[in-house]
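Me: Here is a model I would like to go through. Please set each value against its definition.
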Protein chains: 2
Amino acid sequence: MSQMLNVERQLREMILGLEIGPGERLTERWIESRFGASRTPVRAALLRLETEGLIGRDGRGWTVAPINLAELGQIAVYREAVEVAAVRLTTALEDRSGVEVIAAMLDSCDSETPREEWHRVGMDFHIELARLSGNEFLLRAVRDAMTRLSRARWLEVRDETALGRAWAEHHAILAAVRAGDADEATRLLSAHIAGSRDRLVTSLHDDRRGLRARGFAVVAA
Amino acid sequence: MSQMLNVERQLREMILGLEIGPGERLTERWIESRFGASRTPVRAALLRLETEGLIGRDGRGWTVAPINLAELGQIAVYREAVEVAAVRLTTALEDRSGVEVIAAMLDSCDSETPREEWHRVGMDFHIELARLSGNEFLLRAVRDAMTRLSRARWLEVRDETALGRAWAEHHAILAAVRAGDADEATRLLSAHIAGSRDRLVTSLHDDRRGLRARGFAVVAA
DNA sequence: GATACCGATTTGGTATACCAAGATGGTATT
DNA sequence: AATACCATCTTGGTATACCAAATCGGTATC
């Protein structure tokens, strides 16, 4: 059986879905029996997830990466650099029709849409926006950053107004890109990322006791 | 024996040192016998080198990544985004004394220094400059970009004046950072990266027949 | 002579056996 | 009762055996 991809995918989903908590120890034998694969594909999956930053080595042994508030700040800086560069490339394109596809994706969310879907679309917005640039490295950087952020975003205590605000900011960014206004687009994007980071870090910092009570390792900023 | 790290390091060095040519096929069994390791550490090394972009899958099987001129252009854009962000962070620091360490590193090269060393120092300049920012993600991005560029830079037909020009540009960037002049530093850095890219792509494009004659796979822009 | 077909070999994917180092727990000694 | 020490178990690192698919040659047929 082609277990390798399955083990990697399922394990990633368990980690991102917080079914395995941040800071938890992983043993190859447990994964082996949990997914019915042997150690070889398990090792391959672990090596891949390590490069994604979702797990790390704890001396000997593997550990699910903790929630690291300092890291969240650094990722925001990284994101801003690459996302702004991607948007600048995109605004310089003649054909920016890809913007409409992303707008349609945003509009697929309404009041009936479950929170989980709002989150996913919110992340995909940034990934797809980077893809429009046509630069594989900027795209990969944004995708990696989003992967590392996704658990934290899922833990964030987010009210409806915050989701709506992000949605509006996403649309505003698209409007500026559509108009070819690079400066406005990057200004809006930078502000969006900074605001997003502030709300995320604040929310997790305020709730860090609750997170630790759930058995999640949280590293302070 | 701790073969895993050795296999990975030695194989990386063979690829970066062009002892294994771009486009060449790799078999796990060959690596196994070449380095006296078994397939498990070989697999680990291959998986890691794949994420570094030095090797890729060719259907079934592994292939050393070809020299890709279009990719070199994309990397330059990526580099500029992350290196400029790093330099902006660094100029905003109160303590920029790390700049002097990098300056000393540059000055360790003189007319007696072999070409190979000039190349290494030229790459380390960018890595160490990114490290000063204190942002792990920007540092990793620059290090990854440099790794992907290093084979191409080694193939570049470079005269002495080009090496000296890069050295002078590096010093000029450091001077701007030392003075805390972020705009000047980023302007110089952007120009340096763009010029470096142009010379690199032009050189490889002009010599692509020679490269192919050496058995190297070259993908056009 | 070209081509279609079939078997042998190669090769990556997987499973598993073995090993050494570290963790664990229990016992004996003080 | 506390602690030092030793046997045992766990666990990641490594080596190897087995499998299926793809590739490569060769032969036979048209």
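Reply: What follows takes the terms one at a time.
Residues are numbered from 1 along each chain as written, and chains are lettered from A in the order written. The model is predicted, with local features needing pLDDT of at least 70 and side-chain atom pairs pLDDT 80 or more, while totals use all residues.

Me: Why is chain A called as compact as a globular protein of its length?
Reply: The globule rule is 2.2 Å times the number of residues to the power 0.38, and the radius of gyration is taken over C-alpha atoms. For 221 residues the rule gives 17 Å; chain A has 19 Å, which is close, so the description holds.

Me: How do you know that the span of helix α6 of chain A agrees with its length?
Reply: Helices are DSSP runs (H or I) of at least four residues, and strands are runs (E) of at least two, numbered from the N terminus. The expected span is 1.5 Å times one less than the number of residues. For the 18 residues of α6(A), 115-132, that is 26 Å, and the end C-alpha atoms are 26 Å apart, so the two agree.

Me: Which residues of α6(A) are buried?
Reply: Buried means under 20% relative accessible area with a 1.4 Å probe, protein chains only. Among those in α6(A) are A:Trp118, A:Phe125 and A:Leu129.

Me: What makes β1 and β2 of chain B edge strands?
Reply: Two strands pair if DSSP finds at least two bridges between them. The antiparallel sheet has the order β1-β3-β2 (chain B), and β1 (25-26) and β2 (55-57) each pair on one side only. Two bridges join β1(B) to β3(B), residues 62-64.

Definitions and conventions. Side-chain values use heavy atoms; hydrogens and water are left out. Buried means under 20% relative accessible area, exposed over 50%, partly exposed in between (1.4 Å probe, protein chains only).
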